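Student: I have a new structure open here and would like to talk it through. Could you help me find my way around?

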Amino acid sequence: MQINETYQKIKQDLEKYYSSKDNNRWRNKFHIEMPFGLVNDPNGLAYYNDEYYIFYQWNPFGCEHKTKHWGLVKTKDFVNFTMPEIILKPEDWFDKDGCYSGGAYVKDDILKLFYTGNVKGPNNERESYQCIVDYHKEGSFEKKGVIIEKQPEGYTAHFRDPMIFVENNTYYMVLGIQNKDLKGRVLIYKSEDIEKWELIGELETDMKDFGYMWECPNIFRVSEDKFAFMFSPQGLKAEELRYQNIYQSGYVIGDLDLNEVSLTNYSEFKEIDMGFDFYAPQVFKHNGRNIMIGWIGMPDKDNEYATSQYGWMLGLTMPRVLEYKDEVLYQKPLELIENLREKKIIDINNQIEENYVVKLGPKSVECKLDLDLSNIENLDIRFKFKDEYISLLYNKKDEVCILDRSNMELGGKGIRKFKLKAEDSMKLHMFIDNSVMEIYYQDGLETTTLMYFPKEEGLEIEIKNNININTLQVWNLRGIKYEK
């Protein structure tokens with residue numbers, strides 16, 4: 001089959017899917033995922049032409065991590081989306097083995113896309129090229145080719161994920177890389193015109209032995225004098241209360257000096273999400289705010305995602321606004337997400353209950369829960385699917401939260417433990433989709449993202465012990481719509 005016929009068939013398959021109804025119990029309603037193939041990193045996030053542009057890694061041909069394309073959906077309200085379309089294809093000499101991750105920046109009314117072209121030799125040796133694309137308002141785009149050829153001396157070909165930021169009218173690009181000692185690092189380039197780039201150096205930090213690769217780096221301003229450096233280090237040793245996934249995503253906040261190419265006086269590395277299935281976040285600015293979308297998934301854990309048997313796998317988180325306060329980043333859902341609310345089905349205030357059960361039936365809900373902790377030491381909440389359940393436990397004395405999905409038969413299992421301070425009350429803001437949960441704790445001080453694959457339909461949330469429910473609000477959420 002000719003290449004153009006192959007992509008025409010993908011387009012037809014998309015149109016056919018969205019014109020019919022998918023009754024698979026794990027198909028999510030309000031998270032971005034594809035009808036077929038594998039989705040991973042969010043790419044090229046931007047607000048452009050009065051819409052949110054969400055590009056993402058997509059292998060439309062199967063559930064394997066290969067043949068990476070860039071897909072695109074656009075939205076004004078996070079309810080109505082354009083039909084997914086393929087933008088970048090691995091078809092040129094500089095990206096023939098994958099159009100890998102990267103960012104975007106709007107300049108002169110053109111959306112500039114940056115990505116890593118992956119090329120593999122006959123013995124599987126890697127070559128990495130940083131590339132640029134011009135995307136125009138009417139939907140046309142032009143691959144303009146390579147802007148940075150291969151990696152500098154002293155580094156391996158693990159060189160990828162360009163992201164752009166601007167300071168003092170100068171464009172900067174941050175790139176993840178691995179040095180010859182097999183340690184993760186980032187390089188910073190600068191440009192006056194966003195097309196010709198000059199290396200200014202490796203970002204100097206004290207994190208000399210902090211994993212073997214730093215992926216998906218982001219640098220963004222969080223206050224008048226502080227910057228966040230967010231990245232996804234690979235190769236950290238697991239500890240009881242952190243680094244429990246195979247790979248992490250998190251940030252430090254400090255003083256950025258672009259003349260010295262250094263980050264100093266920075267905070268301890270803090271994971272941005274403490275759940276099972278969150279990686280490769282990307283941050284973009286709109287109306288002066290930092291907005292983040294992450295990948296719901298984890299590299300090298302493909303056997304944990306049960307939907308692959310049906311030909312699709314993984315997706316993207318809902319958009320989160322990042323707010324810098326108390327020297328950390330708090331997260332909250334982008335307000336537009338409230339457009340998904342269909343009907344409030346529960347509204348409780350100041351009610352004392354013993355083993356209270358929230359019977360929800362179909363999933364796809366938003367739930368705000370505030371529990372009084374003044375008279376209890378332990379909190380036990382269960383998300384029940386008949387004989388299966390996921391538990392959320394909290395010990396007030398130890399200030400430790402445990403998320404446990406060991407009692408699910410399918411998919412990944414295990415626990416995630418993390419520190420969380422909650423003295424008087426526990427505030428939970430939960431988005432529960434058919435196979436994804438995103439939970440915000442204590443007004444977004446912590447979050448957990450996880451996938452789950454219940455055998456049965458229906459959901460009950462059981463709040464065990466005798467406890468005062470300060471507030472409980474539950475909304476049914478409508479599904480997002482994809483249209484031409």
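**A polar pair and its surroundings**

Tutor: Let us begin with one pair of residues, keeping in mind that this is a predicted model: the side chain of asparagine 470 makes a polar contact with the side chain of asparagine 468, at 3.3 Å.

Student: Okay, and which strand does asparagine 470 lie in?

Tutor: Asparagine 470 lies in strand 34, which covers residues 459-477.

Student: What else is asparagine 470 in contact with, leaving aside its neighbours within four places in sequence?

Tutor: With those neighbours left aside, asparagine 470 is in contact with Ile348, Asn349 and Asn350, with Asp370, Leu371 and Asp372, and also with Ser425.

Student: Let me zoom out. How many helices and strands does the protein chain have?

Tutor: The secondary structure of the protein chain comes to 1 helix and 35 strands, and the C-alpha trace spans about 65 × 55 × 45 Å along its principal axes.

Student: How does the radius of gyration fit with a compact globule?

Tutor: A compact globule with 484 residues would have a radius of gyration near 23 Å, and because the protein chain has 22 Å, the two values agree.

Student: What about the surface and the charges?

Tutor: The protein chain exposes about 20000 Å², of which carbon and sulfur atoms supply 42%. As for the charges, there are 62 positive and 81 negative ones, and their mean positions are 4 Å apart.

Student: Switching to histidine 31: is it buried or exposed?

Tutor: Histidine 31 has a relative accessible area of 3%, so it counts as buried, and its place is in the loop between helix 1 (3-18) and strand 1 (37-48).

Student: Which side chain does the side chain of histidine 31 make a polar contact with?

Tutor: The partner is the side chain of aspartate 433, at 2.9 Å. Leaving aside neighbours within four places in sequence, histidine 31 is in contact with several residues, including Asp433 itself, Ile296, Leu316, Met318 and Tyr482.

Student: And isoleucine 246, where is that found?

Tutor: Isoleucine 246 is found in the loop between strand 15 (227-234) and strand 16 (250-257), and it counts as partly exposed because its relative accessibility is 33%. Once its neighbours within four places in sequence are left aside, isoleucine 246 is in contact with Met298, Pro299, Asp300 and Lys301.

Student: How far apart in space are isoleucine 246 and leucine 379?

Tutor: They are 28 Å apart, C-alpha to C-alpha, while in sequence 133 residues separate them.

Student: Last topic, backbone angles. What is phi of aspartate 161 near?

Tutor: Phi of aspartate 161 is near 70°, which is a positive value in a residue other than glycine. Most residues other than glycine have a negative phi. Aspartate 161 lies in strand 10, residues 155-167, and with a relative accessible area of 4% it is buried.

Student: What about phi for leucine 182?

Tutor: Leucine 182 is not a glycine either, yet it has a positive phi of about 65°. Leucine 182 is found in the loop between strand 11 (170-179) and strand 12 (184-191), and at 48% relative accessibility it counts as partly exposed.

How values were computed. Residues are numbered from 1 along each chain as its sequence is written. This is a predicted model: local features need pLDDT of at least 70, side-chain atom pairs count only at pLDDT 80 or more; totals for chains, interfaces and linings use all residues. Side-chain values use heavy atoms; hydrogens and water are left out. Helices (H or I, at least four residues) and strands (E, at least two) are DSSP runs, numbered from the N terminus. The radius of gyration is taken over C-alpha atoms; the globule rule is 2.2 Å times the number of residues to the power 0.38. Accessible areas come from the Shrake-Rupley method with a 1.4 Å probe; for residues, only the protein chains shown count as cover. Lys and Arg count as positive and Asp and Glu as negative; His and the chain ends are not counted. The place of a charge is taken as NZ of Lys, CZ of Arg, CG of Asp or CD of Glu. A polar contact is a pair of N or O atoms within 3.5 Å; within protein, one must be able to donate a hydrogen and the other to accept it, and residues adjacent in sequence count only if both atoms are side-chain atoms. Contact means heavy atoms within 4.5 Å. Buried means under 20% relative accessible area, exposed over 50%, partly exposed in between (1.4 Å probe, protein chains only).
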